[in-house]
Amino acid sequence: MKQEEIIQLTMEDLKDRLEEAKENMHKLLLTHAVAPLENPMQIRSLRKTIARLSTELNKREVQA
């Protein structure tokens, strides 16, 4: 998910997407621990998406 897309989301959508991304990250890490993923770069991209969502959420909370 790109930054331009994240900026357009509402606060509620940001929170929902962040929770969903964290759950997906947890599942991916567990799967990767058992058997290697076909594309381990998924973990890196998901981690960066979580960081982008968290940053935008914190920025909006500070502005409010």
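This report describes the confidence, the salt bridges and the nonpolar core of a predicted model.

Residues are numbered from 1 along each chain as its sequence is written, and side-chain values use heavy atoms, with hydrogens and water left out. In this predicted model, local features need a pLDDT of at least 70 and side-chain atom pairs count only at pLDDT 80 or more, while totals for chains, interfaces and linings use all residues.

**Confidence**

The predictor's confidence in each residue is given as pLDDT, on a scale from 0 to 100. The chain averages a pLDDT of 95, and 100% of the residues score at least 70. Helices are DSSP runs of H or I with at least four residues, numbered from the N terminus. Among the elements of the chain, the lowest mean pLDDT, 93, belongs to helix H1 (residues 3–7), and the highest, 97, to H2.

**Salt bridges**

A salt bridge is counted where a side-chain nitrogen of Lys or Arg lies within 4 Å of a carboxyl oxygen of Asp or Glu. By this rule there are two salt bridges, which are listed below.

| Salt bridge | Closest N and O atoms |
|---|---|
| Glu56 with Lys59 | 3.5 Å |
| Arg60 with Glu56 | 3.0 Å |

Glu56 and Lys59 are three residues apart in helix H3 (residues 41–63), a separation of about one helical turn. Arg60 and Glu56 also both lie in helix H3, four residues apart, which is again about one turn of the helix. Through shared partners, the salt bridges join Glu56, Lys59 and Arg60 into one network.

The accessibility of these residues is classed as buried (under 20% relative accessible area), exposed (over 50%) or partly exposed (in between), with a 1.4 Å probe and protein chains only. Glu56 is buried, with a relative accessible area of 4%. Lys59 counts as partly exposed at 41%, and Arg60 is buried at 16%.

Contact means heavy atoms within 4.5 Å. Neighbours within four places in sequence aside, Arg60 is in contact with Ile6, Ile7, Gln8, Leu9, Thr10, Met11 and Leu14.

**The nonpolar core**

A nonpolar core is a set of buried Ala, Val, Leu, Ile, Met, Phe, Trp, Tyr and Cys residues joined through side-chain atoms within 4.5 Å. The largest such core has 13 residues, and those with the most contacts inside it are Leu14, Leu46, Ile50 and Leu53. Helix H2 (11–34) and helix H3 each supply at least two residues of this core. Residues up to four places away in sequence not being counted, Ile50 touches Leu18, Ala21, Lys22 and Met25.
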